[in-house]
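Hi there,

Here is the structure I promised to pass along. Have a look at it first, and then read on for what turned up.

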Amino acid sequence: MNKFRRPPGRRSPSIRCDEFIEYKNTSLLRRFISEQGKILSKRINRLTSKQQRMVATAVKRARILALLPFSNNEN
């Protein structure tokens, strides 16, 4: 018996087919950022490599344009 089996059934994709990954869509980009403001990995986000690269580029552009914060340090 393999103790590292995946659960049965497919997991739903985190990006729907009608959603575009671009820096202006901040509500979509916030789903891929942790509470500390870090970009989450593609394994956690359930993204393909191409989608993860597009998300990373869009988040970085949104940060430069002050649409998203660089960090979320609220002490």
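Helices here are DSSP runs of H or I with at least four residues, numbered from the N terminus. In those terms, the chain reads α-α-α along its sequence, with three helices and zero strands. Please keep in mind that this is a predicted model.

Some overall numbers for you: the chain has 75 residues, and 27% of them are buried. The chain exposes about 6,600 Å², of which carbon and sulfur atoms supply 52%. As for contacts between residues at least 6 apart in sequence, 50% join residues at least 24 apart.

Now to the inside. The largest nonpolar core is made up of twelve residues, including Ile 15, Phe 32, Leu 47, Val 55 and Leu 68. Helix H1 (26–29) and H3 each supply at least two residues of this core, and H3 gives the most, with four residues. Ile 15 is in contact with Ile 21, Arg 31, Phe 32 and Leu 47, leaving aside its neighbours within four places in sequence.

Is Gln 52 buried or exposed? Gln 52 counts as buried, because its relative accessibility is 14% and the cut-off for buried is under 20%. Gln 52 has its place in helix H3 (residues 49–64). Not counting residues up to four places away in sequence, Gln 52 touches Ile 39, Leu 40, Ser 41, Lys 42, Asn 45 and Leu 47. Leu 47 is also one of the core residues and a contact of Ile 15.

Best wishes

Technical notes: Residues numbered from 1 in each chain as written. Predicted model: local features only at pLDDT ≥ 70, side-chain atom pairs only at ≥ 80, totals over all residues. Heavy atoms only, no water. Buried < 20%, exposed > 50% of the residue type's maximum accessible area, 1.4 Å probe, protein only. Contact = heavy atoms within 4.5 Å. Areas by Shrake-Rupley, 256 points an atom, 1.4 Å probe, with all protein chains shown as cover. Core = buried A, V, L, I, M, F, W, Y, C linked by side-chain atoms within 4.5 Å.
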